[in-house]
Amino acid sequence: MALLLSSPGHAAEPVDNARSIIGRQIEAFLNDDAAAAYSFASPQIKGLFPSQDLFFEMVKRGYRPVYRPGNFAFGRSKVDGSTVLQEVLISGPDGKDWTALYSLTLQPDGTYKINGVQMLQQAPGPEI
């Protein structure tokens, strides 16, 4: 019985971690802190963008609502094995509403890193 009662709190931990990481990366973007923003990227993303400057420019061009959100709020989340999917509802700099679907993967050191973001110009997005 105690094991069953402790499961929901334990299951929320990956989601809490994911939300913290996403929030800290968005804060880094808002502060133009490329090094901090890049530190939350997974090794796979760093393989595609081998420098913080390349990564930061890609985000500026392709993910403007994440780079300069007006407001953002966490939506639905899902834990699937070692992956956390987290919906983030964003008001972009142009006033349009977006849904950013973040995928974070558990790393060998026990931390989560952002492994991708899918941008959808709708809020909320499709079922995750």
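Let me begin with a definition: a residue is called buried under 20% relative accessible area, exposed over 50%, and partly exposed in between, with a 1.4 Å probe and protein chains only. By that rule, 37% of the 128 residues in the protein chain are buried.

Two remarks on the source are in order. This is a predicted model, in which local features need pLDDT of at least 70 and side-chain atom pairs count only at pLDDT 80 or more, while totals for chains, interfaces and linings use all residues. Residues are numbered from 1 along each chain as its sequence is written, and side-chain values use heavy atoms, with hydrogens and water left out.

I turn to the overall arrangement. Helices (H or I, at least four residues) and strands (E, at least two) are DSSP runs, numbered from the N terminus. The protein chain has 5 helices and 4 strands, and from the N terminus on their order is α-α-α-α-α-β-β-β-β. A contact here means heavy atoms within 4.5 Å. Among contacts between residues at least 6 apart in sequence, 47% join residues at least 24 apart.

Next, the aromatic rings. A pair of aromatic rings is described by the distance of the centres and the angle of the planes. Rings of Phe, Tyr and Trp (its six-membered ring) pair if their centres lie within 6.5 Å; planes under 30 degrees apart count as stacked, over 60 as edge-to-face and the rest as tilted. How many aromatic pairs does a search of the whole structure find? The search finds 6. One of these joins Phe29 and Tyr67, edge-to-face, at 6.3 Å centre to centre and with 65 degrees between the planes. Phe29 belongs to helix H1 (residues 2-30) and Tyr67 to helix H5 (residues 64-67), so this pair ties together parts that are 38 residues apart in sequence. Phe29 and Tyr67 are both buried.

Tyr67 also pairs with Phe56: the ring centres are 5.7 Å apart and the planes stand at 85 degrees, so this pair is edge-to-face. Here the link runs between Phe56 in helix H4 (residues 52-62) and Tyr67 in helix H5, 11 residues apart. Phe56 is buried. Ring pairs join Phe29, Tyr38, Phe55, Phe56 and Tyr67 into a cluster.

Charged groups are also found at two of these rings. A charge sits over a ring if NZ of Lys or CZ of Arg is within 6 Å of the ring centre and within 35 degrees of the ring normal. Lys46 lies over the face of Tyr38, 5.0 Å from the ring centre, and Arg68 over the face of Tyr67, 4.0 Å from the ring centre.

Arg68 leads us to the salt bridges. A salt bridge is a side-chain nitrogen of Lys or Arg within 4 Å of a carboxyl oxygen of Asp or Glu. The structure holds 3 of them. Arg68 forms one with Asp32, the closest N and O atoms being 2.9 Å apart. Asp32 is in the loop between H1 and helix H2 (34-39), and Arg68 in the loop between H5 and strand E1 (71-80), so the bridge ties together parts that are 36 residues apart in sequence. Asp32 is partly exposed at 43% relative accessibility, and Arg68 is partly exposed at 21%.

Another salt bridge joins Glu57 and Lys60, at 3.4 Å from N to O. Both residues lie in helix H4, 3 residues apart, about one turn of the helix.

Finally, Glu87 and Arg76 form a salt bridge with their closest N and O atoms 2.6 Å apart. Glu87 is in strand E2 (residues 83-91) and Arg76 in strand E1, so the pair ties together parts that are 11 residues apart in sequence. Is Glu87 buried or exposed? Glu87 is buried, with a relative accessible area of 2%, whereas Arg76 is partly exposed at 34%.

I close with a residue in another strand. Ser103 lies in strand E3 (residues 97-106) and, at 19% relative accessibility, counts as buried. Leaving aside neighbours within four places in sequence, Ser103 is in contact with Thr83, Val84, Leu85, Lys113, Ile114, Asn115 and Gly116. Thank you for your attention.
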